[in-house]
Amino acid sequence: MKKTAVVVAPGRGTYNRAELGYLKNWHPDRTDLVADFDDFRAGLGQKTISELDGAARFSSAVHTRGDNASPLIYTCACADFLSINRDQIDILAVTGNSMGWYTALACAGALDPLGGLNVANTMGTLMQETLIGGQLVYPFVDDDWQADALRHATILAKIDEIDAGPDAVLSVSINLGGLIVLAGNEAGLSAFEAQMPRLEDRFPIRLPNHAAFHTQLQDPVAERGRAALSASLFAQPQLPLIDGRGGIWQPKACNLNALYSYTLGHQVTETYDFTKAIRTAAMEFMPDMFIVLGPGTTLGGATAQSLLLSNWKGMNTKPDFRTAQENDPVLISMGIPDQRRSVL
Amino acid sequence: MGAAKDEGVDVVGALIGVDRFQVDHVADDAEFEGWESDDPLVHSAAALIAGGTLTADDVLGIYQSAEDQCTRVAAEAIKRPRLQTPAQVMASIVPPLRPCKPTNGPTPEARHALFGADVKQLDKPQPMSRLLNWALTDLMQQHDEIVMMGEDIGTKGGVYGVTQKLSARFGPDRVVDTLLDEQSILGLAIGLGHNGFVPMPEIQFLAYLHNAEDQLRGEAATLSFFSNGQFTNPMVLRIAGLGYQEGFGGHFHNDNSLAVLRDIPGIVIACPSRGDDAAMMMRECVRLAREEQRIVVMVEPIALYPMRDLLTEGDAGWMTTYPAPDRTILLGEVGTHGTGPLAILTYGNGRYLSTQAAADLKADGIAARVIDIRWLAPLPTQGILAALDGAERVLVVDECRQTGNQSEALMTLLSEHTALPHARIAAEDSFIPTGPAYASTMPSRASIAKAAKRLMSAP
């Protein structure tokens, strides 16, 4: 019997040193797709996807810039999606984290592959050109992924307190499983770093080359995005989509103007609730498993934490999740070679 | 045709929406199939196919995928642990709190502009209808998610003027004049509640609520319960009601029974007795709906809307000034007036009449305290017991009928929680009549005083 799956597309920060050569190694047969994308980038005078992926050395300065990272991650994730064995796996719905929404739109067919690249590339480039504010991450779960309600409330209260100050801007950028991604201006971010305890010897962690995504600070970016990208790029999706509010867009029944407005409006300037998207996917579609597209492996943890926070299939604890994974995996990360093989 | 067959046809007719008068025989299979082909879903699918939006295979694909989805979800849902204890079962009757963005409210200038000429009246004593109107005005300005709906509440400003000027001040899309249909009014409120608004529907007369009872009992009040608090439809339902309305309505409009509301788990019932209380309780009602997602019903005593005097004509004893917008009466907070050994436990018109009776009793050497319970559900037991501290005997005064109303709950409370001698005076089990006898079935100033004397002189 076919397995059912919800596919999750990754956001920024997932193509790092370990992922260099991802396309070359895993997708040597997708030359047509990559060639189209390379032409598109070359036409804009940007480094091609092949050049970036095939570089001799990973360079943070090059590979994590929005204008490079976004299209690179988009290409890897699209190629991974196309590699899923559809004879064995029935894909019920697609969702994503942050810019993963653009990938999800393409996977579902609401954007064609080149249209999706256009959107990811345009928005990544605009983010890089403006680079308004930044992001940092801070956890509210412990090592065993148990939510600490007090810490969660403390974080939110601190955000409000800092944001109320005269110069600081700070808000929740992404609900990312057990992590909160905060975004704001420099005053807001450094106030949070100064005032909150350091956790696990690493948090809060700043995300280099990230802007204050999913906040009002991105209004100008959203506006330029709408000016650069036309609603005619969008078509009826072939698969259900779950957005960053946990809302479902059904095939054959999407208001394409609303989909366009959400993608280049609310999605850019309001909190992206990845946790809720996973909750909706889990509860409404009840798949056998979640497949997190590559590149990278970091979104798997946030996906698993979101499932536990939703008490999905009775799972509450990290050991619950591990047991499920050992018996009949509920989460496949295509960025992990062993797991990847099981869905090809 | 036998009675049993008739009943069968009626049930089938009711289930599929066919009027019983169209059906005078037992349906055969072909007839059932005929009805089935009239299913609105089938018509919708046919329209989509005819319009070229979908093919028949597309439609079947959607049906199949919905069925598969339900099957997958059901297979997991059935594995969930079952509730065991009453506490688990009841945990979601009262919905969870919801965060509301703090606000500083309107500026004094904005409020001044909104009230316009009324500003000059704000510090002058007014009857309840006016103070309620101002409270609603302030609340609508403070919270733009408030939407009202009801019969003649907009242009006309309500039968008793409680919603006067609201339509002009906030627009017809926030003060909706509806059809004369209570189910539509509450249905609209439920839908708006689902979508994050704070609806404030009005049922024009308490006797009209019965047409739409199930919108509260079966629909709104159960939503949090059966969705484990995931879905809610908060609202503040205003109902003009109760008896003592001279010269109008009879049982068609007036009713003096709240049994229809009292036993519904989770709902809050408020019943103010004077304008200042009404304004402050309305603020709490809106807070309960907005922040705690509660379903709140405020029963507003029609007879007290215009009441100006208390003991003698022209004494203006039942009018008060408008309480400042930050003042409120919390859920469970009862009102105690006086300190006498005789406690009169009452609400609504009962408080007004008991206050009159207390003045008469004082002349006879009996000192009374009048305790207005204000909140009929949940019953403010702790507040009532605290208000009874030092009392020697308790008279329950209930303008509603003896059967199924507040006096039964209060008598039970007194016998379960106190050792105080107590008695009750409540309305007869009658409908409200028209004509001069309009108030004859209910407690009066004189009958309350008489009952009080009897209680105080008992050995």
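Trainee: How far apart are the C-alpha centres of domain 1 and domain 2 of chain B?

Mentor: In this predicted model, those two centres lie 38 Å apart. The domain assignment gives domain 1 as 3-77, domain 2 as 108-304 and domain 3 as 336-457.

Trainee: Okay, what makes strand β9 of chain B mostly covered?

Mentor: Five of its five residues, 368-372, are buried.

Trainee: Which way do the residues of β9(B) point?

Mentor: Ala368(B), Val370(B) and Asp372(B) point one way, while Arg369(B) and Ile371(B) point the other. That's because side chains in a regular strand alternate between the two faces of the sheet.

Trainee: Why do we say β8(B) and β9(B) pair?

Mentor: Pairing takes at least two bridges. Five bridges join β8(B) to β9(B), so they pair, and they run parallel. Here Leu342(B) stands opposite Ala368(B). From β8(B) the chain crosses through helix α14 (residues 349-363) to β9(B), in a right-handed β-α-β crossover.

Trainee: And how do you know that β7(B) pairs with β9(B)?

Mentor: Same test: three bridges join them, against a cut-off of at least two, so they pair too. These strands run antiparallel, with Thr336(B) opposite Ile371(B).

Trainee: What does Ile344(B) touch?

Mentor: Among its contacts are Ala368(B), Val370(B) and Ile371(B), plus Leu395(B) and Ala452(B). Ile344(B) is also one of the residues with the most contacts inside the largest nonpolar core, which has 115 residues. That core draws at least three residues from each of domain 2 and domain 3 of chain B.

Technical notes: Residues are numbered from 1 along each chain as its sequence is written. Chains are lettered from A and ligands numbered from 1 in the order in which they are written. This is a predicted model: local features need pLDDT of at least 70, side-chain atom pairs count only at pLDDT 80 or more; totals for chains, interfaces and linings use all residues. Domain bounds come from an automatic or database domain assignment. A residue is buried if 20 or more other C-beta atoms lie within 10 Å of its own, exposed if 12 or fewer, and partly exposed in between; C-beta atoms are placed from the backbone. Helices (H or I, at least four residues) and strands (E, at least two) are DSSP runs, numbered from the N terminus. A crossover is right-handed if, with the strands pointing away from the viewer, the path from the first strand over the helix to the second runs clockwise. A nonpolar core is a set of buried Ala, Val, Leu, Ile, Met, Phe, Trp, Tyr and Cys residues joined through C-beta atoms within 7 Å. Two residues are in contact if their C-beta atoms, placed from the backbone, lie within 7 Å. Lists of a residue's contacts leave out its neighbours within four places in sequence.
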